[in-house]
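Subject: Structure handover

Hello,

Here is the structure for your files. Please open it alongside the notes below.

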Amino acid sequence: MADKLLKVLPSDIGRPIADIRLNIEAPELESMIGRVFESLQPMEREVQDLEGHWHSLNILPYRTQDNKIDGVVLALQNIDAIKGANEQLQKSTEFFRAVMNTVIEPLLVLDSELRVVMANEPFFNTFKVSAKETVNKFLYSLGNGQWNIPELRRLLEEVLPKRQTVRSFLVEHDFEDIGQRTIRLNANTLSSMPDAEPMILLALEDITESNQADLVLRESEERFRTLFALVPVAAYYCDASGIIQNFNHRAQELWGRAPEVGDTDERFCGSFKMFRPDGRFMPHEDCPMAEVVSGKLEEVHDQEVLLERLDGSRITAVVNIRPLKNQRGEVTGAVNCFYDISERKQVEQAMARLAAIVECSDDAIVGKNLNGIIETWNAGAQRLFGYTRQEAIGQLVTMLIPPERVDEEPAILERIRRGEHIKNYESVRRRKDGTLLDVSLTISPIVVHGQIVGASKIARDITDRKLAEGALVKSEKLAAAGRLAATLAHEINNPLQAVTNLMSLLRKAPGLNTNVQAYAAMAEDELNRVVRLTQQSLSFYRESIYPVAVNLNTVLDSVLDLYAKRLREKEISVTKRDRSDGITINSYAGEIRQVFSTLVLNAMEALPAGGTIAVRIHKSFHWNNRMSAGIRVAIADNGIGIPPNNTARIFEPFFTTKGEQGTGLGLWVANGIISRLGGSIRVRSSVRPSNSGTCFLIFLPTQLAGRG
């Protein structure tokens, strides 16, 4: 070997070694020999011959039999195979380390004595420990013995001797730095050679939060298996040219096929076809793996791709790719760990569809947590309450509740915590502008994995229904008041007729002086006026069983005639214009007469001496429905007007601005009558000194829909 590597011939004995052209690359050989002479210490170097093979060069001092240094000995040993094996081992180590650091879950590699050989960054980050505190440490001594769990010891100590695999072993423990956690552990044995000591790969997944997530989503995200049957994710490895060098069983499942390892036609990915998330075709040479191997991308994190199998089915996968580099920083390949998220995408799509349904609902749908904080807010809620989504989310739901009802919310939340469903709960809520509205609430608990985390509330506006119910009650009260008034008028009318007749006889009796006769005549006139009032009262409430044709102009004339004397006494002028063309409405004359009487009397009381009342009657349509034909009546005065703060309340029962002289029932009754007849009544008023006055506008349909 010496003559081949060093090119030394028998004739070279005695020549300086520097004069010999060696077949190895060792430019410092002469200086190394000199240092061995000086230090008398052997030296060793790895050198290559001109054909690229590696050799171990040893230079040792040469001692004679009398222990004198008489030269040096050069020994060469072929280590080319060892060198290649070391490089391959280095690549395998780099590959395995890259795989471990690509996996987002914590991983541990244990030796046969259960000491930590390797741990990835997610392990250090998850359990808040350093490599110094972990590597080469006994597993059960980590973190002050926090991993010294009897069941874990038993299982791990059975893994090596029986070569068992542990899947989904749950550990619930109070860890020193991260608190109470639930860890799912997967374990498997590692053995590179039959006689080598096996090791254990532990994959740890913190499922504390995921236990609270949707079960379907959690199953779709259970993406980690084992690398090459050990790492719990689909994984494969490509060399620098993109040729697939290895893949695990999970990758085969997701691809739906098993590509030929080392096949130059199988490059970058083992799937049949690939597509971008928007559905466009993606050639294999343009896929994320190709871009990492070529150096276009440094690495890839959580990128979505569509993989198509031979049978035409597709899955959505998330890929994580890291390059593998040699000591010179050159890319020698890449490892890709990916997992199927098809089910998660389906869940997301289902949730999106549900969100769209909620958003399109006309009802207000609001989600809140158990602290009463609003978390979801649909368009119906914005329309009903006036708050935008940005204004409402994050606020307490009590902002929708009037102060006098704020105690309702704690009681509602307490019932929700008990799992109760609240249906058709009627209450009052407040809009953004401060106005109140009647609502019907249906409230249900939101349950996630058996735990109540909040409530979903559906609010429906029932203001119109409440108004209808109130109108019905008012109508019933009005009917009762009418019957009472009719009864009183009837009972008074009979004795009043007798007194009137007696007064007529007295006035005609002989022997009365002129003054007495005059007094009797005056008394008779007043009694006749009382009789007319009682008869009019009877006519107000003596309704037919069925509505009849009523001429509003005729009824209004009778009311004006009734108050003609008082109008003259206050010098109030009345202007009346009738453009109804004689059209009648199907109604009840007594009720219409009562409405007009109330409005005319109120106008008279609001006017000073010399004031004016204007009455207009004409054909028209309903303000909100032009399909509803009828007659509109306007009764206006130029009196003192009604203050704005009283205008909104004048139709409320027992509300009066007349003090003790008013009952607060006239306009309330009038409003009830008009509403019951299918019409409407409005008021406009001004208190400005130069333009004061009040106008009541009444619309009555020509056809009566029905009685309330």
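This is a predicted model: local features need pLDDT of at least 70, side-chain atom pairs count only at pLDDT 80 or more; totals for chains, interfaces and linings use all residues.

Residues are numbered from 1 along each chain as its sequence is written, and side-chain values use heavy atoms, with hydrogens and water left out.

Salt bridges come to 25 (a side-chain nitrogen of Lys or Arg within 4 Å of a carboxyl oxygen of Asp or Glu). E408 pairs with R405, closest N and O atoms 2.8 Å apart. R429 also bridges to E408, at 3.2 Å. R429 sits in strand 17 (residues 422–430) and E408 in helix 13 (residues 408–417), so this pair ties together parts 21 residues apart in sequence. Helices (H or I, at least four residues) and strands (E, at least two) are DSSP runs, numbered from the N terminus.

R429 is buried at 1% relative accessible area. E408 is buried too, at 13%. R405 is partly exposed at 29%. The cut-offs: buried is under 20% relative accessible area, exposed over 50%, partly exposed in between (1.4 Å probe, protein chains only).

A salt-bridge network links E414, R415, R417, R418 and E420. Within it, E414 and R418 have their closest N and O atoms 3.9 Å apart.

Now helix 20, residues 666–676. Nine of its eleven residues are buried, so the rest of the structure largely encloses it. N671 is one of the buried residues, at 18%. Leaving aside neighbours within four places in sequence, N671 contacts F651 and I681 (heavy atoms within 4.5 Å). G678 follows the helix, with a positive phi near 85 degrees.

Best wishes
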